[in-house]
Amino acid sequence: MAETGIARQPLIQGGKTLAQVTLDVLKPMERRPGLLWWVAFLASLSLLGLGAVTIAYQVTTGIGTWGLNNTVGWAFDITNFVFWIGIGHAGTLISAILFLFRQRWRTSVNRSAEAMTLFAVMCAGIFPVIHMGRPWMGYWVFPYPNDRGPLWMNFRSPLAWDAFAISTYFIISATFWYIGLIPDLATIRDRSAPGLRRTVFSILSLGWDGSYRTWQRYETVYTLLAGLATPLVVSVHTIVSWDFATSVIPGWHATIFPPYFVAGAIFSGMAMVLTLMIIARKAMHLEEYITHRHVDVMCKLILLTSGIVALAYGTEFFTAQYSANPYEQFVFLNRAMGPMAWSYWIMVSCNVLAPQFLWFKRVRHSLPAVFVITIFINIGMWFERFVIIVTSLHRDYLPSSWSSYSPTPIEIATLIGSFGLFFTLFLLFCRILPVIAIAEVKGVLQHGHAAPGAKAHHEEGRGQQ
Amino acid sequence: MNDPHQVHWRSLDEFADPQLAERRGESEFEDTPLRHAEAPGRRDFLRATGFVLAGSAITGCSRAPVRTATPLPTQPEDYWPGRSDQYATICTACSASCGVLAKVRDGRPVKLEGNPDHPLSRGGLCAVGQASILSLYDSHRLGQPHVSGKPSSWEEADRAILTALESIRKQKGAVRILTGTVTSPSLQERIRAFAATFDNARHIVFDPLSSSAILDAHEALFGARVLPRMRFEKAPVVAAFDADFLGTWISPAEFTRGYREARLENGKPSAQAWHTQFESHLSLTGGGAEERVRLAPGQLAHALAALVARLASRAGARSPAVTSPAGALPDKQLDELAARLWNARGRSLVVCGLADVKAQKLCAYANHLLGNYGATLDLERPSLQRQGSDRAMSGLLQEISAGQLGALFVHGLNPAAELPLDKTALEAMCRIPLLVSLSSRTDETAELARFVCPDADPLESWGDAEPVSGTVCIQQPVFRQVGHSRPAMESFAAWSGKPATARDLVRTHWRDSIHPRHGGGLPFEEFWRASLQTGAMEVKPQSRAATALRQEAVEALPAPSAEGMTAVLYAKTGILDGRHAYNPWLQELPDPISKAAWDNYACVSPAKAASLGLADGDLIKITAAGHSIEIPVLIQAGQHDDAVSIALGYGRRESQRFSNPGPKWMYAKPTTGADGLVGVNASCLLRWTPETLAYHRGVQIEKTGRNRELAVTQTHHSLTMPPKLDPGGPPRPIVQETSLVQLSAPAEHKSEAHPELWPRDHQYTGHRWAMAIDLDACSGCSACVVSCQIENNVPVAGRDEVIRNREMHWLRIDRYYSGTPENPRVAHQPMMCQHCEHAPCETVCPVLATVHSSEGLNQQIYNRCVGTRYCANNCPYKVRRFNWFDYPHEDRLVNLVLNPDVTVRSRGVMEKCSFCVQRIQEAKIEAKRLGKPMADGDVAPACQQSCPAQAIVFGDLNDPKSRVSQWAAQARGYRVLEEINVRPSVYYLKVIRRDGEANGGGHHG
């Protein structure tokens, strides 16, 4: 089906030549940044600065500067963490799973999606560190050799699993991304005049020579890494969900969490990729590379994962009711009708209702509409984690300890700061590296193919061209 | 030139007059006193010095007793650094004078514990007593006398006071000594001796929380102004009218212990026990009563009269006329109560806390009809814990306003804050020529006084007490004086012209007056030593002429007047009359009923609040006769619709220091109100009647439209879910109840409810520590909360942090209401770390900072903790406490109270109840040293040690004979949240409902 689709409508529009592709993609890198970029960059940098200052204040003064209390021990911190980890998932899904499934429409978006993954994991990584009461002792969660005798880390703790899952995820994603970049890095090298730029990219491109043998090895490594990264798409968020699922707290203690979290992560990641792509496409004049077809395919994925998430929400209620466990039943009634019901209904509206518009092709083809919907999904998925964490904690077993939660400006500023970090990194990425995988896109241009739908080969998109 | 007699001359003058040198030699040392003929010469001096030296060397050979506390540069025998010693002394935090053991570690007292050998408190010590140790280390305590607000010396102050007294003596001016109840016989003797040096001197005794009406009633009925000692331990049936005897009334620790004992028969719940409480404000005592009758403040005395009428008709005795309309009173409940009381004649008590002499006469008459005098009310050995006279106080105020006083000495009282004094009265007080305050802190009265002669702290000075006639106790110093305060006793001795040390004064008084009353034939020294060691001795009571009751003195009550809204001024647990307003532990202690800390508030019933449109925290203006206060509202279940109750003891000058006792950060809000004080002083609403100072008064209430958030530690009050969110089914089985019927049913074999699929994680081959708490015994008095806080160096977080739900108490008392909001039942549940066998906190900590010990303790390792708070989230009991900030520890004097056995936690780490592991270790080491196995009861955690109700036991669950094993195996034993299989080590014993409405599962909704 996909093959006939490609036959009818090319993935890359505008009848690009191979050279044009290189020129188009590298254009932003090879000229001075425009006013728009500077405005965006300075704005992101200020947000990052705000985040850095508040984190410094919070680390020197204490976690008490957050709105947490004896009953609600996590709120914004872990919400932000899970949110950002979820965002990262789309990148891995697009780069690894879709690669293995030979979904060639991925070539236009995989580079930036992977970059987004890395930056999102960086943003996510901040929170488990700063949420600690003594972050300077944070390295104790790793099983490093030490002189404390039998005192090591606790392998039973899901937080320790988290530390492994996230560091593994980051390392594999970064490697995968870097390997995928090598042919493009060589292209930049070859286009640069002798000087610092050329030296740097020579080193980074690891002596790429575009030979048949190089290409073959590259392809092998890339496929292997894709194979390695694929389980991570499932494992990372599964492990993150265990932070909650292995506990005894009603609303957390749920076996549905791993698939529910993975689906949610892909859902939120796709939404974020779309949000960014719609902006980048416009800002960087990549309309011919990121086409309506890309948007359409991703919207369908969003619709599918939204359905899974909605099913999970429903299943949770059913399980609670069916369990006859009064604590469990109460938690879900409290979620939907208690003092924090507003957050629950924001979640449901954004994650279940808003994506329903994507059933309509007209909506899927209207970029402003898709953009708005993806923003709603981003908000909704943040609230999903907030709802799971806060509404389960604030009213658990003993009514004597029930409490409420509201964030302090410090907490809000850390969330904003994480967005600042994300966008700062992303804007730098747009300036420094090709946002589209040049070599891969050249492979789907169908130059040199008589028959439509024939297999693309990477040899045709040689880096040197 | 060889003439041997040749005269050598040194000057021409000398040559001219050869005698000159000789004459000059004679006058050479003319200036020295040794030259004076009448003064002793050099030889005399040497002779005298030699004699003194030899004499002092000889007398120095015998060892003089150590009279002052000294530092320990040389280690005395039987003293090891790091080991604590306990000294028996008395608690002076209120006039109940309970016995305490001061735990002294490395020369400094770190904890006050109840003295089990004390005949009144018997090991109990209330929250206020526990917290009073902080007074010793209070850096705001005055360390020297002040004259006109400036620091001075004792010599200077005494000289000025003595000069002033001399002129008053000459002018025959009036001297008044105003004190609170003085239970110390030695101090009383000193005051008497001081007063005797004047022609017109009197000792006025006044209690801010007065029982004057009881004393006056007994004076009228029995001819002796006495407060009978109430023997709650002999009275299973109790009827109380507005008397919070388990919480704040007269001697709560003693009464709680007695009350608990009377409710047991041979260790089993007594079937006869019954308690009915009549009150308009939900008190600690009323909340736990079998039956609580909610009445308007004006109806209480009439209900008492109606009860007396019923008792009189049963006894066939004269009955005073009942004046209240019959319909207004709960006739059915009164009938039943009269029957219960009548069946328990001589084993019952009717107590009344109303400041109304007529009502107190009725109460006494009721007890007389029931034959309680001589059985449960002791007139032979009456209580001396309340001696104040409201009439004497009112007379004194008239004298002050009339400007008739020459001198006023104020000790142990703060009339400027405790009495409804207006500006003119305060000005009149300032005009007293000699106003001396003996307050240890600059309180409102000390601010007015020209002389402030600070009394020493009881832990640093000698003293004594006779709380009940015939029970005498010594107060011994356990710490060297901080600063240069002076015991009041010494001050009065100095002003009488006979200065002496407090120790000598106490010893002399004991030798001359107390020892002769001891019939045992013990020599004085042994008697003295025995008193010091045990903390209390029984001697013959002071003889009082208690005659038979004069029935004709019992009067009928005046007809009730429609009063509308009535203010009820009450004493709040922990704060009492406000004398401990400086104490942050007590300020942060949540009220056992309202769970509010740090402020006082106006309790309004839910119905009244709805009709006035009031919500929690709304500021209202309460006005009475021109006086008004603005105070936030707290909607209190159980409150009578026509009563608004306000705690006394707030808005004190000493609370100025609490502008921000907690962490300092960007959004920290102050603890004090706009006036810089904690709470509002409501004493302006007190009202003088001809006989007493009344705590009830008709008032008007207005909304102000502003509000002040209250620091409440518990926001949901019931085990039933909010109506909209209730999934149905019974209330949560967290506090469980049982009835006498269920208990007397043949005990079903308690089987292991949850079979285990896996082998046990922990074998517990040695000890297995566990705790059991009797919820039926627990009154909620909160002594354990403060005791735990002191023992474990738990920081004070401040009002803002409490509002943010970050109070640090390791042990909290959960309070659940059941029944109707109009008249709920109250259950208290002490909740601390449950030391689960399958602890959810242990598995989730990524760094192994919380681990299980081989003896069943869940241990928190502070220096390993990185502060992920996952453990707290995963704790089903929510007992873990996080150090959100570095809590202030800048005050180096206050830091001396820290327990050296317990780490002071830094920011960013989790903490929680450790079952007082330091005490377990201490007991284990001691057992090892003595080479014998540990016995049950060797370890008493801080909460258990001082529990006045003895509701907590701790011990080894592996020892089937230990009390904790036996309690756990009882039919009443259960564990909270047993169904989630975390297997806690804390067992609770179900509440017993004697009114037949018990619910086996949950607490009734």
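User: How many residues does helix α5 (residues 154–171) of chain B have, and what does it reach from its first C-alpha to its last?

Analyst: Helices are DSSP runs of H or I with at least four residues, strands are runs of E with at least two, and both are numbered from the N terminus. With 18 residues, α5(B) reaches 25 Å, close to the 26 Å expected. After α5(B) comes B:Lys172, whose phi is positive, near 55 degrees.
One thing to keep in mind: this is a predicted model, where local features need pLDDT of at least 70 and side-chain atom pairs count only at pLDDT 80 or more, while totals for chains, interfaces and linings use all residues. Residues are numbered from 1 along each chain as its sequence is written, while chains are lettered from A and ligands numbered from 1 in the order in which they are written.

User: Which residues of α5(B) are buried?

Analyst: You count C-beta atoms, placed from the backbone, within 10 Å of a residue's own: 20 or more others make it buried, 12 or fewer exposed, and anything in between partly exposed. In α5(B), the buried ones are B:Ala157, B:Ile161, B:Leu165 and B:Ile168. They sit on the same side of α5(B) because they cover an arc of only 55 degrees around the axis, taking directions from the helix axis to the C-beta atoms. On the face turned away from that buried side you'll find the exposed residues B:Glu155, B:Glu156, B:Arg159, B:Thr163, B:Glu166 and B:Lys170.

User: What do the buried residues of α5(B) pack against?

Analyst: Look for contacts, meaning C-beta atoms, placed from the backbone, within 7 Å. The partners in chain B include β4 (146–147), β6 (174–179), β16 (405–411) and α17 (488–495).

User: What is the order of the open sheet of 7 strands?

Analyst: Strands of a sheet pair through backbone hydrogen bonds, either parallel or antiparallel. Two strands count as paired if DSSP finds at least two bridges between them. Here the order is β5-β4-β18-β17-β16-β6-β7 in chain B, with mixed pairing. At the edges are β5 (150–151) and β7 (201–205) of chain B, each pairing on one side only. Inside the sheet, β17(B) and β18(B) run parallel, joined by 2 bridges, and B:Val436 stands opposite B:Phe451 in β18(B).

User: In which sense do β22(B) and strand β27 (residues 643–647) of chain B pair, parallel or antiparallel?

Analyst: That pair is parallel, over 5 bridges, and B:Tyr570 has B:Ala647 in β27(B) as its bridge partner. With strand β30 (residues 696–698) of chain B, β22(B) pairs in the antiparallel sense over 3 bridges; there, B:Thr566 is partnered by B:Gly698. Strand β22 (residues 566–570) of chain B is also mostly covered, with 4 of its 5 residues buried.

User: How many residues does the contact take from chain B and from chain A?

Analyst: Chain B gives 51 residues and chain A gives 46. On the chain B side, the elements giving two or more residues are α25 (840–844), α26 (870–873) and β39 (881–882) of chain B.

User: And chain A: how many helices and strands does it have?

Analyst: Chain A has 16 helices and 0 strands. Of its 465 residues, 52% count as buried. The C-alpha trace of chain A spans about 75 × 55 × 45 Å along its principal axes.

Terms used:
The expected span of a helix is 1.5 Å times one less than its number of residues. Two residues are in contact if their C-beta atoms, placed from the backbone, lie within 7 Å.
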